[in-house]
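Subject: Structure handover

Hi,

Here is the structure we talked about. Please load it first, then read the notes below it.

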Amino acid sequence: MSDPRYDRLAELVLDHSLRLQPGEVLRIEADAVAEPLVVPLHREAIKRGAHAYAALDLSGLTELLVAHGAEEQIGFVSPIALREMDAIDASITIWSETNTRSFSRADTDRRQRQLAAQRQLALRRRDRIARGEHRWCGTLCPTEAHAQDAEMSLEDYEAFVFGACHVLDDDPVAHWTGVGEQMQARADELAAVRELRIVGEDTDLTVVVRGRTWRPAYGRKNVPDGEVYTSPVESGINGTIRFGFPAVFGGREVDDARLRLEEGRVVAAEAAGGEDYLRSLLELDDGASGVGEIAFGLNYEIDRFTRNILFDEKIGGTMHLALGMGFEDLGGLNRSALHLDLICDLRREGEVYADGELVWRNGHFLQDPQPARPAERV
Amino acid sequence: MLVGFCARVREGDLVTLESTPLAAPILRELYRKVLEAGGQPLPRVSLEGLSENLLKHGNDEQLAWVNPARSDDIETVDVRIALEAPGNTRRLSNVDPARHARHERSSEELRNRYLERAAAGELRWVLSAYPTEAAAQDASMSLVEYEDFVYGAGFLDDPDPVARWQQFGERVDRLAAFLSTKRELRVVAEGTDLRFVTEGRTWIPSKGQENFPDGEVFTGPVETSVEGEIRFTYPGVFHAREVDDVRLRFEAGEVVEATASRGQEFLREMIAMDEGARRVGEFAFGLNEGVAIFTRNTLFDEKIGGTMHLALGTAYPETGGLNRSALHWDLICDLRSGSEVLADGELIYSDGQFLNGVG
């Protein structure tokens, strides 16, 4: 018997995130391991009158391409896939994997070239989204691989995921709509701010945000969601910052990263683990040492680090900075093939000042109600 | 075998690899082999649950919808390698046959286009099977026994399968050439006395390129010439449904009577699918001695050495067959005991064997 929680997650994505209409063409992209979510998503989409189909990947194939493909094969972008991007009204990416480390030992250059080729499809989609021609949402189906990264059993990990998505609420759509309203209020307040100052352990960073648009993320593009973010003024970032959580990017980890920034550029970078990798990412292109995003994590159901950025960046009480690509539609000017989110834990220690005034402490905006919550885990 | 011998993948070929996740081990091998041959592998993985969703819950519009991405595949790719790898062969058994029919009609145009490109040599395709528990169950075997059956049928235990298939191919070629000289065939067996004209039509030798395993020689009989009755010894298996003891009577090429001891309603629904579904699109002799038993899988069953099969519905264009239909359903007759086939009045085949000197 199928798990009804997957059905409810499917309904949330289709009704709240995508607002899928009859007759629309929906593409569901996933590794075949995400079958427990793919099948209900597809079924509910069919019931809503859409033309839904799945484009499924099988683990191990891309690894073979990166390991054994000739240059033309690694760089190949299927013309069928490009044309397909233009023919769909909506898409869902389920980021589930069977092995989150399977590219750890792959040749980095070959892997980067393969990713660059596939990025063309993502860019095509992004352009259509910007023109209002396409709607997209990203989510996750719990697998053993992700549970393992989170150091949990699958059963516990499912509870974590479904809790973070609020699918067991009486009315998940109402919950996320309410969250949206609350976060919009924060975003409106932040819009008036010239400069933020983040103070924490080995952290004292000023970030100019004057004139930039803050956006609340409440389940339209990610499920789960829960952040308020913007692209800061590119030259206006100065100071030091220490990231208490490991960053996992491209299947590799950067542990305890510490950056020093001057005029918006990283001038010094250290990490207890993966330092070389971090530095190589900073050199990816010109924009990679710049900052593309600053955000507050506001999903308090996500109370621990689980080595998956979809969840980690939303951890209630954290902030994150992204090196690389900024958000054009929020005023961001930084361009890069990189968008690396680095997360700062401000739940116990740390404060944020807006134009000198304290706005955040103990992991909360002062204006937000401070619900009693269970003791934090790591 | 699949990438080299069957599909003959070349540098630059776009190759779709189509199956379910159960075939993952072989899909990985195929993917790698296609890369080695210089082709571009395009995985096309399907989940049985999705067909179930559509057939259970889709409205008419949804059942009729053709995915433009799949049309694009058919128009564009150079090679299709498809593997049956079912998880449950009866998953769709409870779907209303009329809905099956509606959905089938939606893919007719696509299938016609793909047969067209294949007949023109623009698209090469191979259909094979990866052994799964579900298929083993249908064959009333263990998985290990079923694997032996599948690989045996492909001569893969042979020290040189390619040479073996080439040898086999020569025999099939000779049979095709022989049959091309005949005007009319008559099949006589228990409950069967069927005549049809094949003059002017092409006999195609099937020797391991399009199906793997393979082993048949087939043509599209002159549509209006099919006369008489036929009783199929094996159950008809189609769309997860089984139809037992199918008996058909033909007049002027059309089915005028269709009965079955089980599944009669389904049989009649399929025949009523469209104009062409009540005519014969294909007649073939099964020639693979490596397939000796019925395993409820048409891919294998129709190749059983000593059988014949008839397909209701669409013909393969390269035979000269003109019948077009959303249906193509192979029904198989075991001729290995008490049967005769006459060509232009002369006995050419008896009890499942072509006579000495023939082919």
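One definition before the helices: a crossing is right-handed if the near helix is turned clockwise from the far one by less than a right angle, and left-handed if anticlockwise. Note also that this is a predicted model.

**Between the chains**

Take helix α3 (residues 61-68) of chain A and helix α2 (residues 24-36) of chain B. They pack at an angle of about 30°, and their axes are 10 Å apart. Angles under 35 degrees count as roughly parallel, so α3(A) is roughly parallel to α2(B). The crossing of α3(A) past α2(B) is right-handed.

Which residues make the contact? From α3(A) come Leu61(A), Leu64(A), Leu65(A) and His68(A). From α2(B) come Arg28(B), Tyr31(B), Arg32(B) and Leu35(B). By class, that gives five nonpolar, one polar and two charged residues.

**The sheet in chain A**

Chain A has an open sheet of five strands. The order is β7-β9-β14-β15-β16, and the pairing is antiparallel. β7 (215-217) and β16 (339-345) of chain A stand at the edges. Each has a single partner strand, so one side of each lacks a neighbour in the sheet. On average, neighbouring strands are turned by 25° against each other, direction ignored.

Inside the sheet, β9 (residues 227-230) and β14 (residues 291-297) of chain A run antiparallel and are joined by four bridges. Thr230(A) sits opposite Ile294(A) of β14(A).

Helix α9 (residues 172-191) of chain A packs on this sheet and touches β7 and β9 of chain A. The direction of α9 makes about 155° with that of β7(A).

Best wishes

Technical notes
Residues are numbered from 1 along each chain as its sequence is written. Chains are lettered from A and ligands numbered from 1 in the order in which they are written. This is a predicted model: local features need pLDDT of at least 70, side-chain atom pairs count only at pLDDT 80 or more; totals for chains, interfaces and linings use all residues. Axes are lines fitted to C-alpha atoms, for helices over the stretch in contact, and angles run from 0 to 180 degrees between N-to-C directions. Helices (H or I, at least four residues) and strands (E, at least two) are DSSP runs, numbered from the N terminus. Angles under 35 degrees count as roughly parallel, over 145 as roughly antiparallel, 65 to 115 as roughly perpendicular and the rest as oblique. Two residues are in contact if their C-beta atoms, placed from the backbone, lie within 7 Å. Ala, Val, Leu, Ile, Met, Phe, Trp, Tyr, Cys and Pro count as nonpolar, Asp, Glu, Lys and Arg as charged, and the others, Gly among them, as polar. Two strands pair if DSSP finds at least two bridges between them.
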